[in-house]
Amino acid sequence: MQCIRKQASRSKSEELLHQAQSKKVASLNSKLLGMEDDPDLQFLLSGTELTKVRSGSWKKTRFYKLQEDCKTMWHESKKTLRSRQTFSVDDIEAIRSGRKTEGLKKYTDETQELRAFSILFKGRRKNLDLVASSEEEAKHWVSGLEKIISNVSNLCQQLKTEHWIFNCLRNADINCDNKMSPEELKSFLHDINIDVEDNYVKMLFEKCDKANSGYLEGEEIKLFYEILTQREEIDVIYGEYAKTDGLLSATNLLEFLVKEQREQVDLAYAVQLIEKYEVDKTAKAKQMMTKDGFLMYLRQPKGLIMNPAHKSVYQDMKQPLNHYFISSSHNTYLMEDQLKGPSSTEAYIRALMKSCRCVELDIYDGSDGEPVIYHGYTLTSKILFKDAISAIKEYAFKTSEYPVILSLENHCSVEQQKLMAHHLTSILGSALLTKPLGESMPSEFPSPEDLKGRILIKGKRLNKLEASFYDQSAEEEEESVTEEEDCCDEEEEREKPQEPKKLKLAKELSDIVIYCKSVGFHGFEHARNSQAFYEMSSFKEGDAMKLAEKSANECIRHNVDKLSRVYPSPLRTDSSNFDPMPLWNAGCQIVALNFQTPGRDMDLNQGLFRQNGLCGYVLKPAYLRDRGSEFDPITLTRGPWLKQKDFHVMVISAQQLPKVSQKAYSIVDPLVRVEIHGVPADIAQKETRHIQNNGFNPMWNENFQFDLYVPDLALVRFVVEDYDSVSNNDFIGQCTVPFTSLQNGYRHVPLFNKNGDLLSSAALFVHLMAADAE
């Protein structure tokens, strides 16, 4: 990459020229990132040797450096004669300083603490554990990478595109002469995901080759870039409203905002947008907006599909806890499947960093006296319970300050339960909720606001919560008693009736179960008459789906007063997921999914919880919080939930779609599918035609219309796929947004990969219009 191809055959003078060119390119990229002359960046560009740690016996010295694009890390590898491997800064999830990963804790000692750091990747790629030769070098690496990641993510979309295209042009310049031949131009177009006929390449080349020299350089390459990035659809929209000497005045911009974007704003707001996004100083001084400024605005958060006000906490967080949908994970400790996949504290960290607020721990007796977490009676690996709790303590509130629930599947002996209780209280400290809030017995749940920064335990309890306020001395005489297991034990599929299991429970563990006492479910009437508000049941997906389908209104009323948790069937040994929508429609709060498994169901989960500041809590609609609610998502009788909408979607274009295959001449044939997920009456999907051989700037201009009846519960999912006529289409990207968080008008739609990570340059461009049905 970056002209390494011919390095071995260069003369000394050519090598010096190449080095000078590389420094110039690095300088341009560092300036674009706002890191010109940054000492950490310069250190990374020079590179150093680092020790790569994989195990106690595998510790190898490798040379690492940042490429001149300031985004690609290069490192040597002994696997190939070329001895070079790369990864992009876009692939990095986080940088951790010190011995913070399981590998570094296990395979290095405390003397290396200040020299160690880890690069954590998105998706399932293994961590890169490294040790520098000095503390100072480690600081350079950690600080430099963190600044690059931050600055790249903060680039506006237009600058990201420029950075990407500039470096693709560099890659296509095979002989590193800063000139583009017709062959290099064709290679470049393939790199950016366009396959065009030779005649088109020839026409484009001749149009830009003003000097008739047979190659492009300088201003000619700039002209080529301008032709390539011209957005015909933007030209049309801008031309319709640019009525003041060919430019947008503040008044023209206001007309666009009110008429097309349906925003309730005034002239002062339009002036602010010009001041903030206009790139031409002369136009800005006249309170005018050029086409470039207009496009800059459309690519900013204010111009995206999701209401920017919903990207922070905007809902009432003072309602009882059970009035919210809660982002929840099943078998959180697993990185892969349920039979032989690895367990890891890293899985808890990843879930919590995605604002998951309810994580699960399956705990068994450890052979050395320490409780362990794994998927019982399988070949999944084991982790120490105390290590998981330490990871939860550190990462519980990094992305959300609202409460975390630890769902304990307790299979331990009394002695190891006591140790569990000790680890919970000693490690979590004041964050652990050990008694009800207030001075008297509550009659309902506290709110997420009341429980900020607190960790709650869900599990068995020996007695009623009321016992916390009286006659405690009598209980202290007991060490443990027997109690029925939950009738919905996750470890078993009950094919036939059998005797309820008994669990001997340590009082120390019982006492810290406060608002989430696990009990069996024996019907809605029993729950209504005999269950306290803090007593909650767990349901296998099949049981829950049947209740949601046949007794939806009873489910809803049950969940007005109680918490319910739903988890995947134990038969899903591949860690697959189920559709969470029917359970949310029935008011179930804790719908636990396998966070380690990407797909449509996790997309819906991330879409629902993308609103409200990514805090992991979403307030249920009023009719799912009303004890007298008549709402039934199946029958849809008349009521306040019926707010029929005509929803019009025009899929206009896409920009910079990634390749599905890494083969040099693989070009995508993209299509877009718009899906509505919600109550059964609202479920629908419509699809565009596919565009052949163009992932860079495909254009569809196709219109769809949807009828929505319960918009409060609807999620809109945009899916981009690579069309294949002989097999299943390949997934390219998607974006899922609550219908109530959509913005009307011309909007860019950011796209996320299958793991839920943002594709930095890719986007759809659409026009949306939602109106009350007549």
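I started with R262, which lies in the loop between α10 (250–259) and α11 (267–277). I took helices (H or I, at least four residues) and strands (E, at least two) as DSSP runs, numbered from the N terminus. The model is predicted, so to speak of a local feature I needed pLDDT of at least 70, and side-chain atom pairs count only at pLDDT 80 or more, while totals for chains, interfaces and linings use all residues. Residues are numbered from 1 along each chain as its sequence is written, and side-chain values use heavy atoms, with hydrogens and water left out.

I noted a positive phi of about 55° for R262, which is not a glycine. Most residues other than glycine have a negative phi. R262 counts as exposed because its relative accessibility is 51%; I used over 50% for exposed, under 20% for buried and partly exposed in between (1.4 Å probe, protein chains only).

I then looked up N693, in the loop between β25 (684–687) and β26 (699–708). Its phi is also positive, near 55°, and N693 is not a glycine.

Next entry: is helix α23 (residues 600–608) buried or exposed? I found 8 of its 9 residues buried, so the rest of the structure largely encloses α23. The buried residues are D601, M602, D603, L604, N605, Q606, G607 and L608.

Last, I checked E226, which sits in helix α8 (residues 219–228). E226 counts as partly exposed because its relative accessibility is 43%.
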